[in-house]
Amino acid sequence: MKVLDSLATSKKTSSVIDVQGVWKKFRIYHERNQSLKEIILRGKRADYEELWALKDVSFSIPQGMTLGIVGENGSGKSTLLKILARILKPNKGSFVVNGKVSALLELGAGFHPELTGRENIYLNGSILGLSQREIRDRFDEIVEFSELERFIDTPVKSYSSGMYLRLGFAVAVSVDPDVLLIDEILAVGDEAFQRKCSDKIFDFKNRGKTIVLVSHGLEAVRSICDEAIWLHEGEIQARDEARKVVDLYLNKVNEEEQQRAGRGGEEQHLGTRVGSREVEITKVAFCDLDGKERDCFQTGQGFVVRIYYRAHQSIDKPVFGVAIYRSDGTHVTGPNTRLHRLEIETVSGEGCVEYVVDSLPLLPGTYLFSAAIYDYACLHPYDHHEKMYTFRILPSGEEEFYGVVQIPCAWRHVKEKP
Ligand SMILES: Nc1ncnc2c1ncn2[C@@H]1O[C@H](COP(=O)(O)OP(=O)(O)O)[C@@H](O)[C@H]1O
Ligand SMILES: [Mg+2]
């Protein structure tokens, strides 16, 4: 990787984390019911497969950088973090981490279930290198941050996953580390606590700490991280500005989703068809602004629908219309060429009419789509395909959460009445 090499050399002196050619292998054991005969014949041999969870991973992180790691489940993100936290040893390769490390890894890792929250704070604090006194000094702050005052003398085995997380995060940040490793915490817990966590992460960032953040929350990676790595099947697929890596990764996920959705979906004509068919709709295609056909989009993306027609005779002043419905039946919109003052004088033979939306305001979900050709009065259908097509809006993490659409808007804080 060229980019990596140059980064590694130019920032060598100030690298806080430097990983060189790290490989990590796991053994996956298969439980086989061996018959007595087999055991006698072959002995009770272990039956396992080897799996390389990390393959030749190299990168370095300069002091003060927040690096995101994205990738699908099983791509090796947690394994990489565990190696940096020295919980796992690589099979090959080397790495250095300079400074005091604090890690918040998988949920509840490092907690003893039978011990109370209080006891676990002491246990974890000392694992992270704090003295008894330091823990005592910070104890109240930790409890306050975790919001677990009422449960601090309860064994943690009765905690919910959100409570585990709060305690873990509170302890991890209390040690004031130079390097903070965080695995998937922003995905759990309520919104208020997530905000508190990201505030804390920003606070660390501002104080020049180095952070490695594994997150499914791509918007968090985009907004918190400076750069990001995309891991795919244990290999680094890309390393660049966080924004760019997230986009690359999303594109890939989109493509796969489309392939999955596309198979057998093509001729899936739901809905109903009515009309006299002097002019027919021969195909309806959803495309992006580059003209590439797709069934999955994201909020804010360009959206072009091509309505291909064949006119068996010359038809004057036809009106082309479309409609979008959410999967629950809500009619979202229903524009047509006449409303938008596109006068089509006449159609004969084959052609195509495009419905173009520069920035799709729809929020994630499945949508049904109708396309139709009517006479100028919009009373007589030549060909009306009612809810015969579907497309999907996939979440990007960037869109609003509530409602059906995202309406372009601006916010202003007006201190005095204008
Ligand atoms: N302790 C383990 N034993 C066997 N296989 C493991 C172990 N930990 C992880 N793996 C495997 O290694 C791969 C990477 O896992 P992981 O690092 O947890 O991925 P991610 O965090 O990106 O979802 C997966 O295929 C996973 O099943
Ligand atoms: Mg993981």
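Predicted model: local features only at pLDDT ≥ 70, side-chain atom pairs only at ≥ 80, totals over all residues.
**Rings, charges and a covered helix**

The charged end of Lys92 sits over the ring of Trp23, 4.4 Å from the ring centre.

Trp23 and Trp52 form an aromatic pair, one of 15 in the structure. The two centres are 5.4 Å apart, and the planes are at 80° to each other. Planes over 60 degrees apart count as edge-to-face, so this pair is edge-to-face. Trp23 belongs to strand 1, residues 15–29. Trp52 belongs to strand 2, residues 48–62. The pair therefore ties together parts that lie 29 residues apart in sequence.

Now look at a second pair, Tyr367 and Phe391. Here the centres are 5.6 Å apart. The planes are 15° apart, and the pair is stacked. Tyr367 lies in strand 17, residues 365–374. Phe391 lies in strand 18, residues 381–394. This pair therefore ties together parts that are 24 residues apart in sequence. Both Tyr367 and Phe391 are buried.

Ring pairs link Tyr367 and Phe391 with Phe286, Phe297, Phe303 and Phe369 into a cluster. Phe297 has a charged neighbour as well. Arg294 lies over the face of Phe297, at 5.5 Å from the ring centre.

Next comes helix 6. This helix runs over residues 161–174 and has 14 residues. Why does its length agree with expectation? At 1.5 Å a residue, helix 6 should span 20 Å, and its end C-alpha atoms are 20 Å apart, so the two values agree. Helix 6 is also mostly covered, with 13 of its 14 residues buried. Asp176 follows the helix. The phi of Asp176 is positive, near 50°.

Finish at strand 8, which covers residues 227–232. Glu227 is found in this strand. Is Glu227 buried or exposed? The relative accessible area of Glu227 is 17%. Buried means under 20%, so Glu227 is buried. Which residue does its side chain contact? The side chain of Glu227 is joined to that of Arg239 by a polar contact of 2.9 Å.

Notes:
Residues numbered from 1 in each chain as written. Chains lettered and ligands numbered in written order. Heavy atoms only, no water. Helix = DSSP H or I, 4+ residues; strand = E, 2+ residues; numbered from the N terminus. Buried < 20%, exposed > 50% of the residue type's maximum accessible area, 1.4 Å probe, protein only. Polar contact = N/O pair within 3.5 Å; in protein donor to acceptor, adjacent residues only side chain to side chain. Expected span 1.5 Å × (residues − 1). Phe/Tyr/Trp six-rings, centres within 6.5 Å; stacked < 30°, edge-to-face > 60°. Lys NZ or Arg CZ within 6 Å of the ring centre and 35° of its normal.
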